Amino acid sequence: MKKEVLFSLKGLYREPFEIEGYRFGGGEKSACIVGAMRGNEMQQLYICSQLIKVLKELEAHDAISHNHEILVVPSVNQYSMNVGKRFWALDNQDINRTFPGNSEGDTTKQIAAALFEQVKGYSYGMQFASFYMQGDFIPHVRMMETGYQSASLANLFGLPYVVIRKPKPMDTVTLNYNWQMNGTNAFSIYTNSTDAVDDKSARQAVSSVLRFLTRMGIVKYNNHSGYIASVINEYDLLAVKTYDAGFYRRLKNPGDPVKHGETIAEVIDPHEGEVTSQIISQTDGIVFFAHTAPMVMGNEVVYKIIRRMHE
Amino acid sequence: MIEEVVSVELPVHERLIIKKNRLEPKEMTGREKRISICTGTHGDELDGQYVCYEIVRRINQHPECLKGIIDIYPSVNPLGLDTGTRGIPMFDLDMNRVFPGDNNGAMAEYIASGIVNDIIGSDICLDIHSSNIFVKEVPQVRLNEEDSDKLLPFAKMMNADFVWIYSSITVLEATLAYSLNHMGVPTLVVEMGVGNRITNCYCEQILDGIFHMMKEMGIWTGDTKEVQPPIISTEGEVRFLSAMETGIFVSAIENTGTVEMGAHIGDIIDPIEGRILQHIESPIKGIVFTIRENPVVYKGALLARVYGGRN
């Protein structure tokens with residue numbers, strides 16, 4: 001393993017901001033893995049740390065295949081993480097909304113440009129990502145529908161689901177999108193946590209990446225075959241919304257089956273404690289996304305359900 | 001008449017409401033032109049508040065001169081304005097990166113969709129901004145070059161100092177102006193002043209432009225002032241001056257305005273070592289139309305923009 005500084009920026013009174021990369025193997029640029037890009041992505045950082053630990057062991061046992069290089073970038077924004085901010089601490093810019101970046105642009109654009117320069121050109125790009133909606137997902141691999149996406153490749157991670165997302169304008173400035181447009185097969189891997197470490201799903205994420213790398217001949221590792229994924233289109237997920245605002249009582253978890261007409265959540269008046277509305281499933285299916293916060297707003301998406309899917 | 005455009009119930013007995021004030025002639029013909037004026041997308045941009053107030057005040061003084069419909073949306077991001085937060089407070093999300101929105105999406109996308117649907121049908125829309133807390137801007141109109149043929153005649157009516165036509169970059173696709181222009185509503189972005197402040201003279205200047213435009217469009221028949229022709233960016237070149245070092249920027253110029261080539265714009269200093277890290281001079285003779293206000297700069301931070309004519 002070779003640890004190196006990929007980008008450095010002098011702080012005013014803080015120690016320099018540095019993006020560190022961990023390079024394994026050598027030769028062809030095979031796989032690049034990027035972790036926490038926002039200051040609250042603790043789980044994403046933790047997963048990378050666990051992955052680096054395993055890759056070190058594999059390299060020590062000569063289990064990185066010849067002529068394959070793997071680059072892991074565990075943290076792109078520790079300056080924010082260290083001060084409890086989600087985005088770039090000075091101007092609140094989201095680095096994952098500035099790709100491909102601009103080496104002569106604002107600070108975050110320079111960071112994105114420098115990172116992109118280092119991570120582009122790999123055959124496979126993986127990012128441990130977080131979603132802008134507060135909630136839990138079934139662990140899955142997500143790809144943008146850019147015309148270059150390959151669901152069959154995404155299947156090789158062995159996670160239960162592959163989700164294809166039609167990019168919205170705001171997606172076109174993410175790392176994943178720009179990777180794909182630049183010829184890298186890019187995957188975003190979602191586990192069921194962001195702000196807190198969930199060891200079980202972190203292990204699942206690490207295993208899924210190792211499974212993929214093994215199947216692509218990049219590492220030699222023996223692990224479980226995982227799932228044959230169901231490929232779903234994000235737009236086919238049924239969004240279930242609240243009617244009222246208040247305390248939220250969730251009755252189903254990601255992965256749970258639901259029946260048409262079944263009560264799947266309740267909203268409680270925050271002052272009087274009465275149940276003001278029940279959320280009823282409008283379909284048979286499997287819960288894919290579930291809201292986590294203790295309270296909800298009116299007309300808020302609290303579930304996304306895979307329609308007519310059974311366990 | 002003040003109307004609710006879209007609303008969302010917040011968790012504890014409060015509603016987030018997007019309001020508009022519709023001003024229309026007493027007697028309608030059915031052929032009235034309609035102008036929409038939006039502001040408050042970023043909670044730290046306040047010039048638009050004064051502009052809205054002044055339009056309503058002037059119209060109310062002379063309602064007989066109103067021959068068209070004026071829709072005023074003073075707070076696209078009401079929670080941001082009320083809390084002094086640039087983005088949407090709960091999500092740390094930039095409201096101007098979620099357009100055109102999604103009726104089935106998260107709260108911000110739902111609100112954005114409601115606003116866009118309400119504006120559609122306008123003959124023109126103005127989206128008024130006040131830069132941010134970092135840089136001060138002279139009154140200017142910004143156009144995406146792909147819409148410039150259609151929008152430039154309107155932009156010239158606005159009494160702005162400067163019309164900046166710039167090439168499209170992807171992130172702009174998620175803005176209100178980009179979305180509306182692609183939905184058939186000609187939309188101009190007005191930038192002026194600096195965040196968290198009202199620069200009265202800039203507001204008055206743009207107000208003269210708005211009333212002039214409304215007169216040209218047959219919306220207003222009252223008195224208006226002569227407007228100045230703006231400088232158009234494509235007739236010359238715009239030079240960006242950025243921080244090459246992290247430090248404290250001390251401006252050497254009092255304000256925006258004309259500078260000679262080589263004029264001292266400012267210095268980036270290192271307070272602990274008592275030395276100048278970067279001495280900034282204007283690379284061209286021209287007009288400084290953007291100048292840094294917040295002295296803390298990281299490498300890459302924008303310090304000034306200078307426009308120089310072709311001669």
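I call two residues in contact if their C-beta atoms, placed from the backbone, lie within 7 Å.

Housekeeping first. I am working from a predicted model, where local features need pLDDT of at least 70, side-chain atom pairs count only at pLDDT 80 or more, and totals for chains, interfaces and linings use all residues. Residues are numbered from 1 along each chain as its sequence is written, and chains are lettered from A and ligands numbered from 1 in the order in which they are written.

**Entry 1: chain B and its domains**

I looked up the domain bounds, which come from an automatic or database domain assignment. For chain B I got domain 1 (2–229) and domain 2 (237–307). Their C-alpha centres lie 30 Å apart. Where they touch, 11 residues of domain 1 of chain B meet 10 residues of domain 2 of chain B. On the domain 1 side, strand S6 (135–144) and strand S7 (162–166) of chain B are the elements that give two or more residues. The tally is seven nonpolar, one polar and three charged.

**Entry 2: chain B overall**

I counted six helices and 17 strands in chain B; helices (H or I, at least four residues) and strands (E, at least two) are DSSP runs, numbered from the N terminus. The radius of gyration of chain B is 20 Å, close to the 19 Å that the globule rule gives for 311 residues, so chain B is as compact as a globular protein of that length. That radius is taken over C-alpha atoms, and the rule is 2.2 Å times the number of residues to the power 0.38. The C-alpha trace of chain B spans about 65 × 50 × 35 Å along its principal axes. Among contacts in chain B between residues at least 6 apart in sequence, 66% join residues at least 24 apart.

**Entry 3: the A–B contact**

I find 35 residues from chain A and 31 residues from chain B in this contact. On the chain A side, helix H3 (107–119) and strand S17 (295–296) each supply at least two residues. H3(A) gives the most, with three residues. By class, the chain A side divides into 16 nonpolar, 10 polar and nine charged.

Gly35(A) sits in strand S3 (residues 28–36) of chain A. Is Gly35(A) buried or exposed? With 24 C-beta neighbours inside 10 Å, Gly35(A) counts as buried. My cut-offs are 20 or more other C-beta atoms within 10 Å for buried, 12 or fewer for exposed, and partly exposed in between, with C-beta atoms placed from the backbone. The C-alpha atoms of Gly35(A) and Pro74(A) are separated by 4.5 Å, though these residues are 39 residues apart along the chain.

Next I checked helix H6 (residues 199–215) of chain A. With 17 residues, H6(A) reaches 24 Å from its first C-alpha to its last, close to the 24 Å expected at 1.5 Å a residue; the expected span is 1.5 Å times one less than the number of residues. The buried residues of H6(A) pack against S3, helix H1 (42–60), strand S5 (124–128) and strand S9 (185–190) of chain A. Just after H6(A), Gly217(A) takes a positive phi of about 75°.

Terms used:
Nonpolar A, V, L, I, M, F, W, Y, C, P; charged D, E, K, R; others polar.
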